[in-house]
Amino acid sequence: MERYYQPEIETASREQIKAWQDERLVKQVRHVWDNVPYYRKKMQDAGLTPGDIQSSDDLRKLPFLSKADLRDAYPYGLVGVPLKDCVRIQSTSGTTGKRVVAFYTQEDIDLWETCCARAIVAAGGTNEDVCQVSYGYGLFTGGPGLNGGSHKVGCLTVPTSSGNTERQIMFIRDLNATILCCTPSYAAYLGESMREMGLTPEQIPLKAGIFGAEAWSEEMRQSIQDTLGIKAYDIYGLTELSGPGVAFECSAQSGMHINEDHFIAEVIDPDTGEVLPDGQQGELVFTAITKKAFPLIRYRTRDICVLSREKCPCGRTHVKMTKPRGRTDDMLIIRGVNVFPSQIETVLLNLGYPANYQILVGRVNNTDTLEVRVEMTPEMFTDNLGEINARQKQLVDGLRSMLGLTAKVTLVAPKSITRSEGKAVRVIDNRKI
Amino acid sequence: MINQISVFVENRPGALRSMTAVLAENGIDMRAFSLAETSDFGIARVIVDDVYKTTTALRDAGFVHSVTQVLGVALSDVPGGLDKVLRVLAEAGVNVEYMYAFLGGKKGEDAYMIFRVADNAKASAALAAKGVRQVGQDEIAGL
């Protein structure tokens with residue numbers, strides 16, 4: 001029996017969802033016009049006034065916001081309420097440029113935590129559960145978001161934050177944690193560490209995991225589920241739009257339901273900006289229709305995915321997005337070919353290699369080089385050099401057919417690739433361009 | 001038959017030493033040693049006095065390894081000694097994958113070699129039939 005945190009919203013009719021979106025978008029555009037001069041100017045430049053937006057059908061008339069706008073308007077340029085009404089900021093890691101600083105009113109935090117609560121209930125969470133939040137707490141949205149959602153659901157919340165793997169495992173075992181929230185790479189690492197301690201999946205009390213904040217493949221999901229003996233659910237979000245919980249997976253594990261009562265999703269052609277029909281792959285664009293402090297309109301996420309409105313067996317009616325294939329920022333262009341780290345991960349996991357890998361990109365004589373470092377495992381090791389060489393070749397072939405590129409595959413010692421306790425550092429690009 | 005321990009070693013300065021350090025710290029005595037290398041990694045093959053202690057120490061130190069059964073052969077330390085053994089194996093149709101010399105027995109008259117062959121049982125029987133002496137794990141440990 002599928003359970004919902006807010007059944008009347010999560011299973012509302014499409015007409016009802018559209019009605020909410022129409023009303024809220026019109027109101028939000030007026031709010032932004034009145035309070036965010038930066039965006040009002042963009043609308044004026046496009047010859048628009050709030051009156052031009054009568055329903056969500058008019059959304060496509062509105063100009064986009066991009067990460068560059070966030071940079072230009074830093075820090076207060078896109079804030080939609082007086083600072084006295086803001087109660088919190090959260091911020092991105094700033095790995096791909098300047099930090100994003102997002103603002104929240106108390107209501108904004110409530111709706112964000114509500115979205116996270118929906119995700120926890122969709123993963124089977126109830127007030128009987130012990131929910132360990134091993135996402136970082138602080139400026140990063142992962143910890144605070146899931147922490148708040150866990151409170152709303154009534155779980156016993158264990159705010160371990162990230163890091164200190166021994167302590168994480170101690171709490172999971174001693175307090176019988178049933179739900180784990182962290183990045184997928186950290187979940188894989190915790191699983192690996194517990195296996196090394198001799199723990200079988202049956203001895204690990206966890207039953208579900210809510211993993212997000214980085215791209216991960218279906219194969220990685222399978223491997224985490226097997227080592228921890230859990231069902232692993234994906235969760236999606238961006239600091240710019242509040243944090244995790246913008247979309248979340250249900251028991252069907254076939255894409256994430258976008259919380260459409262708070263966010264309108266579009267998929268566009270990243271080159272032309274043209275809106276694409278459902279089912280076509282493109283860049284995901286979000287409009288926050290309820291948030292007041294940081295009300296982004298048509299924000300380009302640079303995440304590549306596909307939207308689907310097919311009926312979901314879980315009963316939720318909100319549109320589903322596929323797992324992002326990768327951020328356009330994560331995408332590497334190697335010898336003119338677009339490469340997503342997630343593609344490399346898929347090849348490795350399919351061939352039985354661990355999800356721990358590192359991609360090194362370099363440039364020799366004006367030609368890009370791609371090296372994939374993979375850790376040798378006891379299962380894979382043999383005394384026979386020929387067999388190991390054959391496995392290496394199998395990897396090279398697998399990568400070639402996935403990427404259309406020849407990569408050098410280097411087998412390295414176990415645990416020699418740095419483990420991430422937060423977000424994984426998968427790519428080292430040494431090209432000086 | 002002898003239990004040979006094969007260890008995965010990265011091909012970079014100090015990698016091999018980090019493995020021998022583990023053996024040294026645990027007071028393990030090596031009887032034979034060989035290294036097979038590719039461009040980015042190698043396999044160190046060792047014969048030791050205490051297989052259990054060695055594999056435990058290597059595992060605890062995080063080294064990937066495996067145990068392979070190899071033949072230990074005592075051959076006369078005279079011209080033609082090795083040739084005789086290889087002829088026996090050739091006539092028995094046994095393929096030798098690799099072989100390496102022993103660090104040295106202390107008795108003087110015999111030389112020892114380690115053979116990794118495609119078919120241990122067949123090779124062992126052929127050597128025994130031709131009177132070639134083989135050494136087992138216990139004898140190795142005692143040398």
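**Helices, sheet and domains**

User: What do the buried residues of α2(A) pack against?

Analyst: Their partners in chain A are α1 (7-10), α3 (37-45), β10 (263-268) and β11 (282-288), with contact meaning heavy atoms within 4.5 Å. This is a predicted model, where local features need pLDDT of at least 70 and side-chain atom pairs count only at pLDDT 80 or more, while totals for chains, interfaces and linings use all residues. Residues are numbered from 1 along each chain as its sequence is written, chains are lettered from A and ligands numbered from 1 in the order in which they are written, and side-chain values use heavy atoms, leaving out hydrogens and water.

User: Which residues of α2(A) are called buried?

Analyst: Buried means under 20% relative accessible area (over 50% is exposed, in between partly exposed; 1.4 Å probe, protein chains only). I17(A), W20(A), Q21(A), D22(A), L25(A), Q28(A), V29(A), H31(A), V32(A) and W33(A) carry that label in α2(A).

User: How do you know what span to expect of α2(A)?

Analyst: The expected span is 1.5 Å times one less than the number of residues. Helix α2(A), residues 14-35, has 22 residues and reaches 31 Å between its first and last C-alpha, close to the expected 32 Å. Helices are DSSP runs of H or I with at least four residues, and strands are E runs of at least two, numbered from the N terminus.

User: Why is α8(A) called largely enclosed?

Analyst: Of its 13 residues, 11 are buried, so the rest of the structure largely encloses α8(A). Those buried residues pack against α7 (165-174), β5 (179-182), β6 (208-212) and α9 (218-228) of chain A. Just after α8(A), G198(A) has a positive phi of about 90°.

User: Why are β10 and β12 of chain A edge strands?

Analyst: The open sheet has 3 strands in the order β10-β11-β12 (chain A), paired antiparallel. β10 and β12 (299-305) each have a single partner strand, so one side of each lacks a neighbour in the sheet.

User: How many domains does chain B have, and what area do they bury?

Analyst: An automatic or database assignment sets the bounds; for chain B it gives domain 1 (2-68) and domain 2 (69-142). Buried area is the accessible area (1.4 Å probe) that two parts lose on being put together, summed over both. For these two domains of chain B that is about 1,400 Å², 54% of it on carbon and sulfur atoms.

Note on methods: Pairing = 2+ DSSP bridges.
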